[in-house]
Amino acid sequence: MSKLKRGAAAALAAAMGAGLLAGCGSSSGGTTSAASGSTTTTAASGSATTTKAASGSSSSGDTNMVFAWWGNQTRNERTSNAITKYQEQNPGVKIEGQFSEWNDYWQKLATNSAGNALPDIIQMDYQYLNQYMNTGLLYDLTEFTKDGTIDTSKWNQNMINAGTMNGKLVAVCAGINAPALVYDKAITDKAGVTIKDNMSIDEFIEASKKIYETTGYKTNIQYGTAQEIFSYWSRADGSILFNTGKVDAKPENLAKYFKIYEDGEKDGWMLSPTVFAEITIGSVEQDPLVYGDNPENQSWCTFCWSNQYVAVLKAAKEGQDMQMTTWPSADPKKSDFLKPSQFFSVSASAKNPKAAAAFINWLTNSEDANNILLGERGIPMNSDIASKVSAQLSENDQKTYTFVNDVVAKNCSDINPPYPDGYTEAGKALNTILEAVCYGQETAEQAGQDLVDQGTAALAAKAAASK
Amino acid sequence: MGNQQPVKTAASAPVKKRKIGNPINNEKTAGYIFTLPFTFGFLMFMVVPMAISLYYAFCQYNILQPPVFIGWDNFAKMGSDAIYQKSIGVTFYFALVSTPLRLIFALFVAMLLLENNKLSGFYRATYYLPSIIGGSVAVSVLWKRMWATDGTINRILGINFPWLGDTRTAIWVLIILAVWQFGSSMLIFLSALKQIPQSLYEAAMVDGANGWKRFWKITFPLLTPTIFFNLVMQLINGFLAFTQCYIITQGKPMYSTEFYTVYMYDQSFTYYNTGYGAAMAWVMVLIISAVTAVLFATKKFWVYDGGL
């Protein structure tokens, strides 16, 4: 039996491996065939010699790079296609794409760094930027902006700032994002509620109650990922929830936010915490907005990010009318912000950082690349490219553009500094406390103080360790 | 036996002679060569990583930076880590409840399948199936759906209970899944049952012992070595269970299903407290060793060790 099992496992692994290879390798495979195809069709003696030269150099002067990212199927396909295009335009450059899911990605990256084998080009997130920067794993790209390899003239200054640490440009924004409240207009219409941009928290709660009373549909603010909304709300109080080494918010303010959940559970308009035990938190497809099958376990809204809007639409059920607005806050202008959805970084151990920088320049500044990528990572920070790409988008993709450009960009403040070391752990502490509040095991008042204590403990431990 | 003896000496005699001339032909050398693939793998993928993890257990290590030796701090941290302590409780509860249940169930099914008929092979394979697929991700996902509020179980029972969302019941969803994976213990029981001489039962029947008595006086005592073996193996498996929790509950709700291994994994790879994770792994090694040692110490009180 164990032999059978092992055989089956091996077969499965082989199949998966083959699938992966096919997926990852498709780009390079495509290039070689395309390149050889073009030489045969032109059939000129000149081109024959160039191929010879190219194949000759493949053993010596070629640049081989690894580009790793996390993402979904759409991103994987588009990025692989972009790589193929780049290799066509730049013979002698070979880029191997490696992609994973979010969680696996960071584990893989960490182990890679331990083995001194980081990919040359890394897709980086705001949450991890600090950690990787502080450990000296990222290459300072400033020299390439000076020598013209990277052209920053059309870039959004805020996004350049977000990727600059201690005067070093270590991360290039791959797309612009904003917090987005996606809601089902079919439900709000039925309840006779109008959702407007830049709502206050009170207005949002009012709306939630009315929707619950008239239609029975409940509300999901954020559960399991509530560090995002708590940070957002804290910005209105002028504080950075998780700062370096400590929780920088007043316990009574935090208690106020926990109270929203406590009251919501008591009054019944908030989704029961038991619903979240049955789904994968963070998965758009399993979000209570689209996953629930009755008002009891379905939410009329979800707190997510603007570049997830299209994914929500894809997951929506028939009859749902998904619209987008800002997250509610006591002071929307102070709370709201534009965020680099992700970055491209070059690892400090890259063999040819200039070539990597040139590729990143192409990804962010060229029409060729962005006609393939089509803003899937967020709105390009190059303003020229953004407007050109926007013209080619579907109506739904364009909605994201207008939301970010016309609604958020006009009424927002600077993003918080890159998340400190220990952010993940402090976030987990927050969600653990929130869970206790929702299960009625802890009062909101107590929770506010607990979050300050436990969050600070987590952040301080990491801050002390990194010194 | 009698005619095998000379053959054996004849075979070993020339080997002894050659041993002096050419060590490669030495039986021992040959043995080492044959076990080389295993030895190499064992050293490279078990012993060396374990040694490294032992070192990390005494280090502040976040994978990204080189480890810094900090002595016993990681172990001291466990004393003040409420979730860690909760996870120990959950893991013990899970292992100590699910293992006996699984063994009882396995023995019960094994006795049902003992009878030989045309279909018994089919039944044995069928009942073994859950063990093959039970630890897999797919079954865990299926299980999660089955026990959802709108899942199969509630439909059958005609109720609307959030099994996975209630702190009292969530662990039982995992325990039932573990009990359902009774196949390997069942097969071992089955082969042990077959080895009990039929004559014992016949004699007991002649003496007028009923089925219940025959089970307790014959079957059970003769099975105790097998029960012991299964108990040790399955208990260790129980302490090391990971997939079910990782896929189905992720420790939710309120850490009521947080397995030790899952917490260790989170500490190591989600929070990058890899040194702390390594220390936790070594504490688990000690726990399992202690539990196994205790079991072995009780062996002489209840395990029948005599011949037939």
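These are my notebook entries on what I looked up in this structure, which is a predicted model.

**Entry 1: chain B as a whole**

I began with chain B, where I counted 14 helices and two strands. Of the 308 residues in this chain, 42% are buried. I then looked up the accessible surface of chain B, which comes to about 17,200 Å², and noted that 70% of that surface belongs to carbon and sulfur atoms. For the contacts in chain B between residues at least 6 apart in sequence, I found that 68% join residues at least 24 apart.

**Entry 2: cysteines**

How many disulfides does a search of the whole structure find? The search covers all chains, and the number is zero. I reminded myself that a disulfide is a covalent bond between the sulfur atoms of two cysteines.

**Entry 3: helix α5 of chain A**

Next I turned to helix α5 of chain A, which runs over residues 126–134 and is mostly covered, since eight of its nine residues are buried.

What caps the N-terminal end of α5(A)? I found Asp125(A) there, with a side-chain oxygen that lies 2.9 Å from the backbone nitrogen of Gln127(A). After the helix comes Gly136(A), whose phi is positive, near 70 degrees.

I then followed Gln131(A), which has its place in helix α5 of chain A. Its relative accessible area is 10%, and because the cut-off for buried is under 20%, Gln131(A) is buried. Leaving aside the neighbours within four places in sequence, I found Gln131(A) in contact with Asp421(A) in chain A, and with Leu64(B) and Tyr272(B) in chain B.

**Entry 4: Tyr232(A)**

Is Tyr232(A) buried or exposed? This residue sits in helix α10 of chain A, residues 227–236, and with a relative accessible area of 0% Tyr232(A) is buried. Beyond its neighbours within four places in sequence, Tyr232(A) is in contact with Pro179(A), Thr326(A), Trp327(A), Pro328(A), Ser329(A), Ser335(A), Asp336(A) and Phe337(A). For one of these, Pro179(A), I noted a separation from Tyr232(A) of 53 residues in sequence, while the C-alpha atoms are 9.1 Å apart in space. For another, Trp327(A), I noted that the backbone oxygen lies 3.0 Å from a polar atom of the side chain of Tyr232(A).

For Phe230(A), leaving aside neighbours within four places in sequence, I listed contacts with Leu241(A), Leu254(A), Tyr257(A), Phe258(A), Tyr261(A), Leu430(A) and Leu451(A).

Technical notes
Residues are numbered from 1 along each chain as its sequence is written. Chains are lettered from A and ligands numbered from 1 in the order in which they are written. This is a predicted model: local features need pLDDT of at least 70, side-chain atom pairs count only at pLDDT 80 or more; totals for chains, interfaces and linings use all residues. Side-chain values use heavy atoms; hydrogens and water are left out. A disulfide is a pair of cysteine sulfur atoms within 2.5 Å. Helices (H or I, at least four residues) and strands (E, at least two) are DSSP runs, numbered from the N terminus. Buried means under 20% relative accessible area, exposed over 50%, partly exposed in between (1.4 Å probe, protein chains only). Contact means heavy atoms within 4.5 Å. Accessible areas come from the Shrake-Rupley method with a 1.4 Å probe; for residues, only the protein chains shown count as cover. A polar contact is a pair of N or O atoms within 3.5 Å; within protein, one must be able to donate a hydrogen and the other to accept it, and residues adjacent in sequence count only if both atoms are side-chain atoms.
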